[in-house]
Amino acid sequence: DPHNEPHSENDDPSRSACWGCGDPAVDWRLAAERAGDAIHAANPDWLIFVEGVSCLPGPGTPNTFDSIPDDPMACDWWGGNLAGAATAPVQLSVADRLVYSPHDFGISVFDRQPWFRDANFPNNLPAVWDHLWGYLAKQNIAPVMVGEFGSTLANPLDTQWLNSLMNYMT
């Protein structure tokens with residue numbers, strides 16, 4: 001993965017990573033394609049691991065984001081949202097060398113993710129992961145390897161989250 005945790009910087013939308021917006025300065029998918037193809041020019045056998053972005057583009061120009069999106073599934077962890085790959089997948093010049101690599105963390109890392117407060121928590125988590133990145137493996141689009149996950153276990157909900165994530169990945 002050529003960069004760790006591409007994300008939106010709401011105070012400077014011109015520097016916000018987007019997925020599939022088409023702006024070569026900030027479109028993370030396009031950057032991953034350029035980097036992956038350059039790596040494959042040197043060694044076509046290497047796997048290319050690609051994270052997602054934090055938020056999908058919101059209303060307005062293609063590379064701007066809302067601070068609090070209307071859609072609670074529009075944002076995930078920095079580098080964790082691969083929902084955009086459903087309609088704008090990474091396309092490398094060498095086939096079968098792409099691995100999507102999202103990040104996921106417990107509530108003690110960042111407590112503003114809406115799914116932690118859902119009345120159905122932790123049973124709601126598989127649907128969250130299916131939407132953001134799990135569909136890639138389930139629909140046989142591309143392999144997925146969760147590149148980072150963790151928690152400080154400071155919140156009792158963290159154990160429920162971690163057990164759910166381990167069951168989901170199994």
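In which helix is Arg-34 found? Arg-34 is found in helix 1, where helices (H or I, at least four residues) and strands (E, at least two) are DSSP runs numbered from the N terminus. The structure is a predicted model, for which local features need pLDDT of at least 70 and side-chain atom pairs count only at pLDDT 80 or more, while totals for chains, interfaces and linings use all residues. Residues are numbered from 1 along each chain as its sequence is written, and side-chain values use heavy atoms, with hydrogens and water left out.

**Overall architecture**

The chain contains three helices and four strands, and these elements follow the pattern α-β-β-β-α-β-α when read along the sequence. Of its 170 residues, 44% count as buried, a class that requires under 20% relative accessible area, whereas exposed stands for over 50% and partly exposed for values in between (1.4 Å probe, protein chains only). The chain exposes about 8600 Å², of which carbon and sulfur atoms supply 54%; accessible areas come from the Shrake-Rupley method with a 1.4 Å probe, and for residues only the protein chains shown count as cover.

**Helix 1**

Helix 1 has 15 residues and reaches 21 Å from its first C-alpha to its last, close to the 21 Å expected at 1.5 Å a residue, the expected span being 1.5 Å times one less than the number of residues. At the start of this helix, a side-chain oxygen of Asp-27 reaches to within 3.0 Å of the backbone nitrogen of Arg-29. The buried residues of helix 1 are Trp-28, Arg-29, Leu-30, Ala-32, Glu-33, Gly-36 and His-40, and what covers them includes strand 1. Arg-34, by contrast, is partly exposed, with a relative accessible area of 46%, and its C-alpha atom is separated by 9.9 Å from that of Val-90, a residue 56 positions away along the chain.

**Salt bridges**

The structure holds three salt bridges, each defined as a side-chain nitrogen of Lys or Arg within 4 Å of a carboxyl oxygen of Asp or Glu.

| Pair | N to O distance |
|---|---|
| Glu-33 and Arg-29 | 3.0 Å |
| Arg-97 and Asp-45 | 4.0 Å |
| Lys-138 and Asp-130 | 2.9 Å |

Glu-33 and Arg-29 both lie in helix 1 (residues 28-42), four residues apart, which is about one turn of the helix. Glu-33 counts as buried at 12% relative accessibility, and Arg-29 counts as buried at 15%.

The side chains of Arg-97 and Asp-45 meet in another salt bridge. This pair links distant parts of the chain, with Arg-97 in the loop between strand 1 (48-50) and strand 2 (98-100) and Asp-45 in the loop between helix 1 and strand 1, 52 residues apart. Arg-97 is partly exposed, with a relative accessible area of 26%, whereas Asp-45 is exposed at 57%. In the pair formed by Lys-138 and Asp-130, Lys-138 counts as exposed at 58% relative accessibility, while Asp-130 is partly exposed at 26%.

**His-103 and its surroundings**

His-103 lies in strand 3 and counts as buried at 2% relative accessibility. Its side chain makes a polar contact of 2.8 Å with the side chain of Glu-5, a polar contact being a pair of N or O atoms within 3.5 Å in which, within protein, one must be able to donate a hydrogen and the other to accept it, and for which residues adjacent in sequence count only if both atoms are side-chain atoms. When residues up to four places away in sequence are not counted, the residues that His-103 touches include Asn-4, Glu-51, Asp-76, Trp-77, Trp-78 and Glu-148.

**Surface features**

Arg-117 is placed in the loop between strand 3 (103-105) and helix 2 (125-138) and is exposed, with a relative accessible area of 54%. Leaving aside neighbours within four places in sequence, Arg-117 is in contact with Ile-107, Asp-111 and Arg-112; the C-alpha atoms of Arg-117 and Ile-107, ten residues apart along the chain, are separated by 9.8 Å.

Phe-149, Met-166 and Met-169 form a nonpolar surface patch, with about 240 Å² of accessible area together. Patches are made of residues with over 30% relative accessible area and no salt bridge, like charges being joined within 9 Å and nonpolar side chains (Val, Leu, Ile, Met, Phe, Trp, Tyr) within 5 Å. Met-166 has its place in helix 3 (residues 157-169) and is partly exposed, with a relative accessible area of 31%.

Conventions
Contact means heavy atoms within 4.5 Å.
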